[in-house]
Number of protein chains: 2
Amino acid sequence: TVLILVIQVLGLTAVILVAVWMGSFRGGFAWQSDPAHEFNYHPVFMVTGMIFLYSDAILTYRVFRNAKKTYLKAIHGIIQGVVLIFAGVGLKAAFDSHNLKNPPIPNLYSLHSWIGLITVILFALQWLSGLISFVAPKLSMGARQTYMPHHVFWGLAILCLAGASALTGITEKALFTDFFAHIKYSSFVTETYIINFLGLTILTLVVLVVYVVTR
Amino acid sequence: TVLILVIQVLGLTAVILVAVWMGSFRGGFAWQSDPAHEFNYHPVFMVTGMIFLYSDAILTYRVFRNAKKTYLKAIHGIIQGVVLIFAGVGLKAAFDSHNLKNPPIPNLYSLHSWIGLITVILFALQWLSGLISFVAPKLSMGARQTYMPHHVFWGLAILCLAGASALTGITEKALFTDFFAHIKYSSFVTETYIINFLGLTILTLVVLVVYVVTR
Ligand code: HEM
Ligand code: HEM
Ligand code: HEM
Ligand code: HEM
Ligand SMILES: O=C1O[C@@H]([C@@H](O)CO)C(O)=C1O
């Protein structure tokens, strides 16, 4: 339970760090009228959804140990649905920032974008499998028991993939900023520490969630 | 066993891809006389050691199921020792490429380097713990049994960290190449595919090793 508290603090810290990075250091937020600043929603929605809410959805069963199973399932499934919506908004912001630029930037060229897309697709499939197996049409008791360890393994594996997406994305944004905004990432400015601690926070959080669930 | 074969193929593919990337596309290898090309040893040694050999050391117990436990322990421990040596050479190449450059590049500024250093330190600690617990002075049976699940958990967790180090490193090198060597990563040139498939190969390999060991 101390670990679960630590995970909450790390999750909130990650959300605050990414919001401060994009909001205060990268010029704040806009929508399609200003695609360069529309991009800034991408990291914020991805980290808030695919890292913070994702972890809390997984931990539902650990936090509310005495609640009715039907409630827990509903909370778990609904939060994961919200994660999917956040991912959709975050991806829209990233694609818009490429397509609406003049001239446009190609889509899906980077390792980050390939890992990211695979992560979101697997997450959507996991969500559908969870819904079909545990809610409607609902599998038989035996089939549910067979599926459960796979649901848990892939739930954690996809969280690790989300972590890998975030860390490669952070690295890309750090270097783009270095090159195009002439902020020297390598000169240990304030932004250097915000970027690196954001990454370490996400890394630690993912390791702790996997640890708690596999104990 | 099919999975173990797939893991071998992925490991060899990763080593070949990183060697071709550095050897043919990034100008080949040199030592301290030419620090820019000395850097090229860094990815090759890191991927060969901390990804390919690391995975095979873990899988020793799965591949040679009928061999004597003492032999398996020796193979497992010695390969992990070789991994540590590879990591040392790879790090030396990275640090030299910064320190011997004129003017020098600062050390340990990036998220990649922070994650990488943490990974190598944890790996070294895990190696020492394994040696002390299972070889000499060797813990009591009960203490060994208590430590074992932690040894396995952290062995896999550090493999995931090595994966995260590699993916962020690959992303950095891809963008440095883009900016300094004017190879357009985003134009889907041959190098784009080598870089992205190297990343996906490492990602898939790590997920499969964790899957095989936790089954
Ligand atoms: C955690 C989940 C994340 C996922 C699934 C994800 C996914 C994606 C995808 C699919 C694209 C391609 C958009 C396009 O081609 O038009 C993209 C672009 C991008 N993302 Fe992310 N992202 C994530 C987190 C982050 C974070 C945290 C950052 C930075 C702090 C970031 C930085 C970038 C950058 C700079 C681009 C544009 C360059 C490129 O296409 O690689 N991403 N992301
Ligand atoms: C992408 C979406 C999802 C992910 C990543 C995910 C992940 C996970 C993980 C990691 C666990 C293990 C939790 C623990 O042991 O503490 C779990 C448990 C569970 N999930 Fe999901 N899940 C998702 C969607 C769903 C959906 C839509 C449902 C249906 C309502 C569902 C139903 C369950 C159930 C019944 C458990 C078992 C809880 C228990 O008895 O220990 N999941 N999920
Ligand atoms: C898998 C394990 C890896 C570890 C533990 C690791 C660790 C490190 C460390 C500690 C540094 C800092 C050196 C310094 O500050 O002087 C560094 C630098 C670097 N690494 Fe790696 N690395 C790994 C893999 C890779 C790979 C596969 C690539 C590229 C394909 C790569 C690309 C780079 C680059 C471009 C730098 C210089 C820029 C910087 O300091 O971030 N690394 N690495
Ligand atoms: C950084 C170095 C090391 C890492 C990352 C590591 C990792 C692992 C992993 C992941 C496993 C589980 C393998 C499986 O279940 O198939 C394992 C098992 C084991 N390791 Fe290590 N290990 C390291 C060093 C050592 C050392 C130096 C020794 C001492 C010789 C050792 C002794 C063992 C033993 C006895 C097992 C149990 C095998 C069994 O009965 O299933 N390890 N190690
Ligand atoms: O900081 C670095 O910038 C690049 C550049 O020197 C050539 O790619 C590199 O490899 C580093 O270690």
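**Ring notes**

I started with Phe153(A), which is buried at 11% relative accessibility (buried is under 20% relative accessible area, exposed over 50%, partly exposed in between, with a 1.4 Å probe and protein chains only).

This is a predicted model, where local features need pLDDT of at least 70, side-chain atom pairs count only at pLDDT 80 or more, and totals for chains, interfaces and linings use all residues. Residues are numbered from 1 along each chain as its sequence is written, chains are lettered from A and ligands numbered from 1 in the order written, and side-chain values use heavy atoms, without hydrogens and water.

I searched the whole structure and got 31 aromatic pairs over all chains. Rings of Phe, Tyr and Trp (its six-membered ring) pair if their centres lie within 6.5 Å; planes under 30 degrees apart are stacked, over 60 edge-to-face, the rest tilted.

Phe153(A) and Tyr211(B) have ring centres 5.1 Å apart and planes at 80 degrees, so I noted them as edge-to-face. This pair crosses between chains, from helix α6 of chain A to helix α7 of chain B (helices are DSSP runs of H or I, at least four residues, numbered from the N terminus). Tyr211(B) is buried too, at 19%.

Next I looked up Trp31(B) and Tyr41(B): centres 5.7 Å apart, planes at 65 degrees, so edge-to-face. Trp31(B) is partly exposed at 36%, and Tyr41(B) is partly exposed at 25%.

Last, I checked Arg215(A), which lies over the face of Tyr211(A), 4.6 Å from the ring centre (CZ of Arg or NZ of Lys must be within 6 Å of the centre and within 35 degrees of the ring normal). Arg215(A) also lies over the face of Phe153(B), at 5.0 Å.

Technical notes: Helices (H or I, at least four residues) and strands (E, at least two) are DSSP runs, numbered from the N terminus.
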